[in-house]
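This report describes selected local features of the structure shown below.

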Amino acid sequence: MTTTERKKIVFPSKNELSEAMAEYTANLSAKFCAEKGLFTVVLSGCDLISWLGKLLQPPYLKSIEWSKWHVFWVDERVCSWDDPNSNYKLATDGFLSKVPILNKNIYAIDKHYAADGHAEHCAALYEECLRNLVKENIIPICPKTGYPQFDLQLQGMGPDGHMASLFPGHPQINEKKKWVTHITDSPKPPPKRITMTLPVINSSSYNLMAICNKEQAHAVAEIMKHNNMSLPSAHLSAQVETVWYLDQAAASML
């Protein structure tokens, strides 16, 4: 269901990449807040949150309409909210606690089932949350795909070519009925996770894949030069624009 060509931009360093990602996010926030009065943004984990730190600086901190943001996670580790593995904790400590986004507009994994390690329940409840927000007209249904359409998803990729918690050789990449699914044998610890499915990811209006470091260079080359579709990140698309932001190290094998 590829709908847009990959755009690729290579930056001299992580700093320039993070500055560009902040500008991209801020511009889309302004666009969607003006057009429909809110902005739905989906986060991932790892380094992405530290790169988003540029939004905490001028000119963005005071110009962004934070109260209109609705924040989601493309995937999450099934653990307690205060576990160092938690993407929610990472985002809260490094970003969300420093901007005036309304607590009711931050959609985290279910606190109790996550702490108890119930991955399947967590996935079902997260999907139920999304379906309720569709009914409330917070998230539209994409007319082309029939899946929820977020405004922007910010993605990262592992050295093995995985994105979200869609891993090479695992069946979750093929899930088409569910909006959110779970995995209990993730090759990257912790093993229990939930993840948005590929049709939901690709129904997003904009998808930005941000990658720094040489560790990912081989997977980047496999996707960009050889279109290796065994790597989940090769399937990334969007309804309006799919853009890959790479630093020099990540692009070193292109």
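## Helix α4 and its packing

The buried residues of α4 pack against β2 (39–43), α2 (48–51), β3 (69–73) and β4 (75–77). The model is predicted, with local features requiring pLDDT of at least 70 and side-chain atom pairs pLDDT 80 or more, while totals for chains, interfaces and linings use all residues. Residues are numbered from 1 along each chain as its sequence is written, and side-chain values use heavy atoms, without hydrogens and water.

Helix α4 spans residues 87–94, and N87, Y88, A91 and T92 are buried in it (under 20% relative accessible area, 1.4 Å probe, protein chains only). Seen down the axis of α4, these buried residues fall within an arc of 130°, so they line one face of the helix; the arc is taken from the directions from the helix axis to the C-beta atoms.

## T242 in strand β9

T242 belongs to strand β9 (residues 241–247) and is buried, at 0% relative accessibility. A polar atom of the T242 side chain lies 3.1 Å from the backbone nitrogen of A238. Beyond its neighbours within four places in sequence, T242 is in contact with T4, E5, R6, K7, N207, L236 and S237 (heavy atoms within 4.5 Å).

## The largest pocket

The largest pocket has a volume of about 330 Å³. Its lining comprises 25 residues, of which G45, C46, G156, M157 and K188 are the closest to the centre. The elements giving two or more residues to this lining are α2, β4 and β8 (206–211).

How values were computed. Buried means under 20% relative accessible area, exposed over 50%, partly exposed in between (1.4 Å probe, protein chains only). Helices (H or I, at least four residues) and strands (E, at least two) are DSSP runs, numbered from the N terminus. A polar contact is a pair of N or O atoms within 3.5 Å; within protein, one must be able to donate a hydrogen and the other to accept it, and residues adjacent in sequence count only if both atoms are side-chain atoms. On a 1 Å grid over the protein atoms alone, a cavity is a set of points where a 1.4 Å probe fits but cannot get out, and a pocket is an open set with protein on both sides within 12 Å along at least five of seven lines; lining residues have an atom within 4 Å of a point. Grid points are joined across faces, edges and corners, and a volume is the space filled by probe spheres set on the points.
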